[in-house]
Amino acid sequence: MKSHVCEFAPKDLLRLASLPLLPLALFAVVMHLGAKSHLLPPPRPALDTERTILIHQAEASRESRDAEVLLLGDSSCLMNVSARQLTEQLGRPALNLGTFSFLDLNAHALLLREHARANPVRLRAIVLLMHPESLRRSGSETYYLAALTNYLGGLDHCQAETAAGQASCLLGVEIFQGRILSRALPIPLPGAYGRHYGFTRDLENLLTRERGSAIDPDPKPFEGSAEYRLAPTLERASKNFRAAVPPGVKLLVGITPAPERFAGPRYPQLHADLLRQWSQWLQADAALTNLPPALPDDSFVRTTHLKESVIPRYTGQLAAGLRPHLSP
Amino acid sequence: MLFNSGVFLQFFAAFVLLYWLTRNSLTLRNCLILAASYLFYGWWTPDKVESSSANALLGALWHCRFLALLVATSLLDFSIALGLDKLPTPRSRQWLLSASIAANLGVLGFFKYHDFFAQSCSELFSSFGIPLQARTLGLILPVGISFYTFQSMSYTIDVYRRELPATRRLVNFLAFVSFFPQLVAGPIERAKHLLPQFAGTRVITLSMLEEGIWLILWGMFKKVVLADNFAPLAEMAFDHSSFTATTVILGTLAFGLQIYCDFSGYSDIARGTARVLGFDIMWNFNLPYSAASLREFWQRWHISLSTWLRDYLYIPLGGNRLGTTRTYLNLIVTMLLGGLWHGAAWNFVLWGLWHGAGLALTRVPIFNSQFSILNSQSRRWLSWLATMTFVFYGWLLFRAKSFTQIADMTRALADFSAPPWIGSFALNLVVFAAPLALMELWQFKSRNLLAALSLPSWARITLQGSLLTAIALFWQKKGAAFIYFQF
């Protein structure tokens, strides 16, 4: 017996399957033409927590700001120091351009160059803060580095490594999402970030209000190992970063704290050695040796980030360490 | 395997090609459907295993384990049905049917409810000061078990009732139980309707293809574009530690829309896929949020489950034939078990109880005449509003994680403050609800679920192309699982 009988011609099937592709193709053409002809606004893909923070910091680096003290570094710089409180305590405007540990010093140098270009006069000191975990990383993660460089270069964030990625780029998905959707619709942030901050726009507004600082609302158990060291690639990246520091501006460097028991009893000595070596590579004007190498475990929401209640105290310690270097 | 994944698109494309190649042999076609369905089912790996398995071999063993359960259930019911057909005495037939029901519900109960009841017993004894160590087994719920168990069970019951002869074609029966378009989340098909379709030549007409393609697109749009964008809104509202009236109301709306778009999207894709292959599976949803009474809601929501519960539980319990009080009791028991079918948690029991009590209450004459002073139009609007309020509060019970959360969220309905992000929340809700509302209004007004197919050719192509574009824009690389997979 026959399995099935088709009461249609092959051309009917072709018509049914292919005609809906026409509007899709038309949409892709419109997106690409709109992007090429600059009829569409430039890409600004603030579509998730990470990219919202990254784009906010990149934008902040490009704007003309009043900052005299510029904080740069990984997420421990972003989440452990309150730039607003630091401004109050120093009596000098501070701006936090901290991002993530997924980005290395070369990427931080990019932000620094952008800032120096937009603000050639006011800056007095650059404070580079990183967690020991970030210091052992050997480089930026491709995705995040591409997100940053694409944004700074006015390019759409296309990931064409896979066939699906190529199709997505071809259809103009990233153009639509990065240029239209992210501007038209606030996107809900997932998980604890959503519960704490709300939507992408709320996170951006908060970052602006807090002069680039945020807090980590997502507690996680301590993970990783405490065998901290400096990555061999850090030396070259440090020199590159140093080269981006404008003349006459002080470079101050510090290592953010680790959980006391997690890091172990020998860590304070290791911390001092790491800071000394890294500071030499950076040719820093000073190392912030007054910052605590470790804090009690209950001060942390995760291995790298402090609790909201501990941030003012840590910011105060940072301010105390910075004051001698900022006096006229 | 998820419908909203690249793997499924590849799988379906390959399947259609092979399906066409087997067009001259019914047996080959059914074997192909069976093999593809088992592959489709075996592709699923529970999260726990994925994260813990050290190698692919262990993963493969897990696949076989749950597939074996599906095959065993099918073989058992196939054999029992043959026995039911042959046995002459009612008593022996009754015994055999009882064995089938006990085996099916035993397997379902073991996987789905063992830990829940063990935990609940332990808590109950603890509340009386009697320490009882509950032995939970940490069982993984095989995906789709509630659906295929009910589908398979209905077959033996129908054979027992002599409404259907037992099939002697094993492959047809195995293919009926595991038919991949509706295997993991329904609709729960009746053997009377689907099984004969495996025994004959299927005729695929142009209109069936048109309907199939439309349903696949519209179902995919509801899942990928709507449900997956309502999901983070519902999560934001329900997973928050503090609630206000605005977050509870908008969060519950978001969840009600998410679960509808997710589940009806799946059902549409299932029906559409089957249509393209020449099969007909039942409509599972018929504009449920247009219902103006609770009874009407249940005639429109998850139709395959509500009719299953009606035919195999409510009516055998006595239905409405044993007096008013017994009717109310039967309704409550049926809905309570229907709630429990959704999952092993007390909030599902409460949700079932809520709907059972609601259905019983709306049978009280005073509720039927409540708006009698109003004209029919106003009466319908008010009834609709009351029904939707009832249904959406039910979603709050369904989605909440604990009784404490239910109490907190209910109390919060008196707090009219709003978090700063409520504007963004409302904007998202409106943007994603608008296409659904427009389409359903059109379907409701035209009394046609396939109203889009009546459009002129150019307009239909534009509409389908727009849906396809939206799906491409919101497609997630790692597709989000359908909510009903967990049931």
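The legends below describe several close-up views of a two-chain model, chain A and chain B.

The model is predicted, so local features are given only at pLDDT of at least 70 and side-chain atom pairs only at pLDDT 80 or more, while totals for chains, interfaces and linings use all residues. Residues are numbered from 1 along each chain as its sequence is written, chains are lettered from A in the order in which they are written, and side-chain values use heavy atoms, with hydrogens and water left out.

**View 1. The interface of chain B and chain A.** Chain B brings 44 residues and chain A 37 residues to the contact, where contact means heavy atoms within 4.5 Å. Between them the chains bury about 3,500 Å², 69% of it on carbon and sulfur atoms; buried area is the accessible area (1.4 Å probe) that two parts lose on being put together, summed over both. There are 15 residue pairs in polar contact between chain B and chain A, both residues being at pLDDT 80 or more. A polar contact is a pair of N or O atoms within 3.5 Å; within protein, one must be able to donate a hydrogen and the other to accept it, and residues adjacent in sequence count only if both atoms are side-chain atoms.

**View 2. The side of chain B that touches chain A.** Elements giving two or more residues to this side include helix H1 (6–21), strand S1 (202–205) and helix H19 (457–474) of chain B, and H19(B) gives the most, with 10 residues. Helices (H or I, at least four residues) and strands (E, at least two) are DSSP runs, numbered from the N terminus.

**View 3. A strand pairing between the chains, and B:Thr205.** Strand S1 (residues 4–7) of chain A pairs with S1(B) in the parallel sense over four bridges, pairing being counted if DSSP finds at least two bridges between two strands. B:Thr205, in strand S1 of chain B, is the bridge partner of A:Glu7. Leaving aside residues up to four places away in sequence, B:Thr205 touches A:Glu7 and A:Phe8, and its side chain is joined to that of B:Ser207 by a polar contact of 3.2 Å.

**View 4. The open sheet of chain A.** Five strands of chain A lie in the order S3-S2-S4-S5-S7, and their pairing is parallel. Strand S3 (94–96) and strand S7 (286–287) of chain A are the edge strands, each pairing on one side only. Two bridges join strand S5 (residues 250–255) of chain A to S7(A), and A:Leu252 stands opposite A:Ala286 in S7(A).

**View 5. A salt bridge between two helices of chain A.** A:Glu114 forms a salt bridge with A:Arg62, their closest N and O atoms being 3.0 Å apart; the term denotes a side-chain nitrogen of Lys or Arg within 4 Å of a carboxyl oxygen of Asp or Glu. A:Glu114 lies in helix H6 (residues 105–118) of chain A and A:Arg62 in helix H3 (residues 49–62) of chain A, so the pair ties together parts that are 52 residues apart in sequence. Over all chains, a search of the whole structure finds 37 salt bridges, whereas the interface of chain B and chain A has zero.

**View 6. Two loop residues with positive phi.** Most residues other than glycine have a negative phi. A:Arg211, although not a glycine, has a positive phi of about 55°, and its place is in the loop between helix H12 (200–209) and helix H13 (234–244) of chain A. B:Arg162, also not a glycine, has a positive phi of about 60° and lies in the loop between helix H6 (145–160) and helix H7 (170–178) of chain B.
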